[in-house]
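Hi everyone, thanks for coming. Please take a look at the structure on the screen, and then we'll walk through it together.

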Amino acid sequence: MVTRVKQRMVATRLLQALPILVLATFIVFSLMQLIPGDVAVTLAGENASVERIAQIREAYGLNQPFLAQYGQWLWNAAHGDLGVSLLSGEPVGDTIARTFPNTLMVALYAVILSVLIGVPLGIISATRSGSPLDSGIMGAASLGVAVPNFWFGMILVLYLGLTLKWFPATGFVSPFEDFSQAIWFATLPALALCTNGIAEVARQLRSSLVEIQSSQHVRTLHAKGLSPARILWLHGLKNVSVNLLTVVGLLFSKILAATVVVEAVFAIPGIGSSIVNAVLQGDFPVVQGAVLAMVITVIVVNLATDLLCTVLDPRINEL
Amino acid sequence: MAQHNGGQPAPLLAVENLNISFTHPGGETAITRDVSFTVAPGERVGVVGESGCGKSVTGLALMGLLPKRTARVRGQIRFQDRDLASLPAREMRRLRGREISMIFQEPMSALDPVFTVGEQLTETLRAHEKISRKEARQRAIAALEEVGIPSPHTRIDEYPYQFSGGMRQRVMIAMALICRPKLVIADEPTTALDVTVQAQITDLLCEISETTGTALLFITHDLGVVAETCSRLLTMYAGQVVESAPVDDVLRRPRHPYSSGLLRSLPGLSERGSRLPSIPGRVPAPDRMPAGCRFQARCPHAIDGCEQPQPLLEIHGARLARCWRTDQLQLPGAVNE
């Protein structure tokens, strides 16, 4: 009965996602029109005649009105055809399949690091709130929120990569080839991506734990004679888990977006660098396909976190 | 010392000169001053006073639940043979929920929202007794049944939000009583409830205390509730106990002007259509307490001499009043003879 209600909610949410997908790709498509440069000129090569360029425009449908071009792309995409790259001729689906797993791995790695480091810091801060240790952690966290991750990434490359030589400074190994090597190479990029995440997780966890610990129901738990450890680890953490999960869900979206810059710093063949290259060259099918893949991922992750929240907090039964 | 049940068995709880204060960056603010009282085994004692008089803080101090960082508790809280005021935290924890438990004012927020009622009941049991999960569940179902929750077998797996306010307070009562404590402190347990439910909860507390022999310290500002449930009444004013007496006696003839004022301002006692009597003025701020009687500024009977420190005077053995004029005054109560 409950699962049936949930199934319907998931279906509704997925239907609601459709307009978001259309809107996101439409906005990206429109922005592409504003970028200076003409892909037809690039394709035609140097010293091409005006007729040749016009021919290429004709062949790729670039001379059609903007809305017609978008409509054509949307129609094909709805039928599973994302087109081919204007420059390399590689099907966009293949480009995504080749690059997106790399990006996902780095992003996921960064999210896991954020949780693994941020959660203990948040708990330490909350249980010693007001102490110098708490002030230190929270001060560092404020800094972590403020520091741009591409800058921190470059510092990491310099120090951990080039000076200490703990991790490879650049380069990438696909997780499908050699998983442990892939993790090894992805560590610096993940560290660069997770600074904001650690800070955010620690700050949010601390504030919700402090709030919970001064709540009336925690006073009841003390009145029942439970141990402080049980109150913190069982009741405290279950009560803040919904908050934490929401933060982590948002964090994933943020980190996914940040990979665009960090992949460039570390030369990772991910979807972020594909987008950057495609944008620079006006290769709109690649941009559209990559954006679509990212938006779908974000929507699915949000839906999954919301579903998990309904499991953790019985009071939430609406998605 | 406030020993006023001479000849009776040793008290279960004897509070002596309890001084509670809160420290803050500007110094220290005293909340209670030399609070002393006793509770006999199985006795039901009502504590009344207006908000801010220190009655809830006293209740929390007995439980050792005041914030450790800011609260200073001085004096003795003798419970059976131990002094709770100086008991190590670990031992205090063993007493809480097993020997002394507490029912709070807000049933809406006093239960953990993300655990089922059954989980919250059984964890109390399992914190204090070595019993199996299955046995704990049986006891929890029995406890829910005892407090009058219909179909406890299914409701035990529900979450607090699925219960109404009155039902949640019943769950709180079941939780407080599940280990059969010797003393239950009920801090305004009916204030947050619907009027129609208040009487049910009061009756339930009274009934359970009677059948299990649990002593009850009933903190409330509702004198009517005390009159129905308790055998003895403590009146607190501005952090002090100003009167302690058997309920019937105090209803007939209060011995402190403040108790009298509280009783006279009960609706239903004054004539229909007439203005409800009230006590003029307000409680002095904690940092501006007069040296003498703390009620003198609001007292209709204040004369020269009230500015002297007022000890708790013993009246005919069983009563105490903090008023040097108590024998001269013929104060009106709630019941006219």
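Which residues of strand E7 of chain B are buried on one side, and which on the other? On one side they are B:Ile100 and B:Met102, and on the other B:Ser101 and B:Ile103. Buried means that 20 or more other C-beta atoms, placed from the backbone, lie within 10 Å of a residue's own. In a regular strand, side chains alternate between the two faces of the sheet.

Before going on, this is a predicted model: local features need pLDDT of at least 70, side-chain atom pairs count only at pLDDT 80 or more, and totals for chains, interfaces and linings use all residues. Residues are numbered from 1 along each chain as its sequence is written, with chains lettered from A and ligands numbered from 1 in the order in which they are written.

Strand E7 of chain B pairs with strand E8 (residues 183-187) in the parallel sense, over four bridges. Pairing takes at least two bridges found by DSSP. B:Ile100 has B:Leu183 as its bridge partner.

Now to where the chains meet. 24 residues of chain B are in contact with 19 residues of chain A; contact means C-beta atoms, placed from the backbone, within 7 Å. Helix H4 (117-128) of chain B is among the elements that take part, and H4(B) gives the largest share, four residues. Helices here are DSSP runs (H or I) of at least four residues, and strands (E) of at least two, numbered from the N terminus.

Finally, chain A has domain 1 (2-78) and domain 2 (92-312), with bounds from an automatic or database domain assignment. Their C-alpha centres lie 30 Å apart.

Key:
Buried ≥ 20, exposed ≤ 12 C-beta atoms within 10 Å, placed from the backbone. Contact = placed C-beta atoms within 7 Å.
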